[in-house]
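Biologist: I would like to learn how to read a model with two chains, one feature at a time. Where shall we begin?

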Amino acid sequence: MSRMASDGAALTELRRGVLGPCVLALLAERPRFGLEIVRELAEQGGLLTSEGTVYPLLNRMREQGLVTSKWRDEEGERPRRYYAVTAGGRRHVEKFRADWLQFTKSVDSVLQLEG
Amino acid sequence: MRSDTENRLVREWLSELDRELTKLPRHRAQELRAELTAHLAEVVPPDAPDAEVGKILAQLGDPAELVTEALGGSRPRSRLQRIRLRTWVLLAMVLALVIAGTTVSLVLTFRYAHAADLDTSVSGWVFGGDDVKFVDSQAGDQTQSTIPELASRRQGLLIWVTNQTGVTQTVLSLADGFDLWESVPHTVRLEISTEDPYRSNKTDMNLPYTTAPRAIKPGETRVLRITSITACVNSTAGGEVQFDTIPLRVRVGWFTRTEDISLLSVYAVKRMYHCSPMTQYPSK
């Protein structure tokens, strides 16, 4: 986990913008439960402002119909709510991938010019 | 394993979360709380010291910020703003209801106030069992029918009335002061057919009748039977009382009014002077 106390507002906004598509991308691979998503994003570093951020995000995406969820009670495990991406969520992440490529390419280009 | 909620710091954190969750719709608040509680149950070790629990809670985030995130990233409205918004929404709803109610009331009032009276299509005399003495006489193009008035027999009028308006009219009673016979003791009875004479195979005398009040819906026809029995008989020298309308009390919506129901003809009833000894009535 790498919570940075000195996050700038711009970086916070950038995280907020990319976190949703990142969560959808993980769910597009396979259904996951909340803590599992938190841990995987935390491992990447720099994506989470706080661990709890993932839960309201999932809550909101479920309301928007981008993900669905259901409780699974597997033997020897705690009951957990598993999230899966919907068709709408999948389209959303595909579009983000294309936009992100163009966006980073442009930013890289400008930064190199300025550097 | 110890429940996460047994830790004092966790309990405080969840209490703060609960206060913030009131900003979310109930189903979303319940779901978010369940997820965060499940998270804490997994990551807070049993008997963890407060310092460790505090660190875990700090990593989890501030309840207010998490709820803000669930709301879409924008800061929730202040309590005062929410109260103001609710007040305005409530006022707008009340105003809309008042306007809608007033409009409907005005429209209905106009319709009720301007509804035409019940329309007569047929009127006739209810014989007292002596119709063989019925006599028609002609004077120019006018026809006069003469029918005996009989003591101790039910006699009176049959009137077919149609509600040609778009609103229901309820016949309540005859207007106060209406009498079939002048100056003799009798009680006038008003009955209304429960079937439409135009849609029934029965004659108007054989239709089923009920007493008022009775509603007549738009487009319906009903027969009014207005009858009375008197112990008196008429005198040829007694003069007569004429009428061509019958005054009825009728309720139209929230108005009650007197409608003068046309008889289509002039009816003349002889004044009565000679009554039976049991119900002797002093002559004028």
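Biologist: In which sense do strand 5 and strand 8 of chain B pair, and over how many bridges?

Modeller: Keep in mind that this is a predicted model. As a general idea, strands of a sheet pair through backbone hydrogen bonds, either parallel or antiparallel. Here strand 5 (residues 169-174) and strand 8 of chain B pair in the antiparallel sense, over three bridges.

Biologist: Which strands form the open sheet in chain B, and in what order?

Modeller: The sheet has four strands in the order 8-5-11-12, with antiparallel pairing. Strand 8 (214-216) and strand 12 (255-270) of chain B stand at the edges with a single partner strand each, so one side of each has no neighbour in the sheet. Direction ignored, neighbouring strands of this sheet are turned by 35° against each other on average.

Biologist: What joins strand 5 to strand 11, and strand 11 to strand 12, in chain B?

Modeller: Strand 5 and strand 11 (residues 240-252) of chain B pair in the antiparallel sense over five bridges, and B:L174 stands opposite B:L248 in strand 11 of chain B. Strand 11 and strand 12 of chain B are also antiparallel, over twelve bridges. Within that pairing, B:P247 has B:D260 in strand 12 of chain B as its bridge partner. The two strands form a hairpin with two residues between them, and B:G253 in the turn has a positive phi of about 60°.

Biologist: Where does strand 9 of chain B find its partners?

Modeller: Strand 9 of chain B pairs with strand 4 (residues 155-162) of chain B in the antiparallel sense over eight bridges. Strand 9 of chain B also pairs with strand 6 (residues 189-193) of chain B, antiparallel over four bridges. The residue B:T227 shows both pairings: B:G156 stands opposite B:T227, and B:R189 stands opposite B:T227 as well.

Biologist: How many residues of strand 9 of chain B are buried, and which way do they point?

Modeller: Eight of the eight residues in strand 9 (residues 221-228) of chain B are buried. B:T221, B:V223, B:R225 and B:T227 point one way, while B:R222, B:L224, B:I226 and B:S228 point the other way.

Biologist: Now for chain A. What is the order of its elements?

Modeller: Chain A has four helices and three strands, which run α-β-α-α-β-β-α from the N terminus on. Of its 115 residues, 39% count as buried. Among contacts in chain A between residues at least 6 apart in sequence, 50% join residues at least 24 apart.

Biologist: How many residues of helix 3 of chain A are buried?

Modeller: The general point about helices comes first. An α-helix has 3.6 residues a turn, so residues three or four places apart point the same way. In helix 3 (residues 54-63) of chain A, eight of the ten residues are buried, so this helix is largely enclosed by the rest of the structure. The buried residues include A:V54, A:Y55, A:L57, A:L58 and A:M61, but also A:N59 and A:R60. Just after helix 3 of chain A, A:G65 takes a positive phi of about 80°.

Biologist: Which residues touch the most other members of the largest nonpolar core?

Modeller: In soluble globular proteins, nonpolar side chains tend to be buried together. The largest nonpolar core here has 46 residues, and A:V23, A:L41 and B:W13 touch the most other members. Elements of both chains give two or more residues to this core, among them helix 1 (9-29) and helix 2 (34-44) of chain A and helix 1 (8-21) and helix 2 (26-43) of chain B. Apart from this core lies another, of 28 residues, among them B:L118, B:W181, B:F243 and B:L248. As for A:L41, its contacts beyond four places in sequence include A:L19, A:V23, A:L26 and A:V54.

Biologist: How many residues does each chain give to the contact between chain B and chain A?

Modeller: The contact takes 21 residues from chain B and 21 residues from chain A. Chain B and chain A bury about 2,100 Å² between them, 49% of it on carbon and sulfur atoms. Four salt bridges are counted between the chains. In one salt bridge, the side chains of A:R16 and B:E69 meet at 3.1 Å, N to O.

Biologist: Is B:T22 buried or exposed?

Modeller: B:T22 lies in the loop between helix 1 and helix 2 of chain B. With a relative accessible area of 58%, B:T22 is exposed, because exposed means over 50%. B:T22 and B:V67 are 45 residues apart in sequence and 9.3 Å apart in space, C-alpha to C-alpha.

Definitions and conventions:
Residues are numbered from 1 along each chain as its sequence is written. Chains are lettered from A and ligands numbered from 1 in the order in which they are written. This is a predicted model: local features need pLDDT of at least 70, side-chain atom pairs count only at pLDDT 80 or more; totals for chains, interfaces and linings use all residues. Side-chain values use heavy atoms; hydrogens and water are left out. Buried means under 20% relative accessible area, exposed over 50%, partly exposed in between (1.4 Å probe, protein chains only). Two strands pair if DSSP finds at least two bridges between them. Axes are lines fitted to C-alpha atoms, for helices over the stretch in contact, and angles run from 0 to 180 degrees between N-to-C directions. A nonpolar core is a set of buried Ala, Val, Leu, Ile, Met, Phe, Trp, Tyr and Cys residues joined through side-chain atoms within 4.5 Å. Contact means heavy atoms within 4.5 Å. Buried area is the accessible area (1.4 Å probe) that two parts lose on being put together, summed over both.
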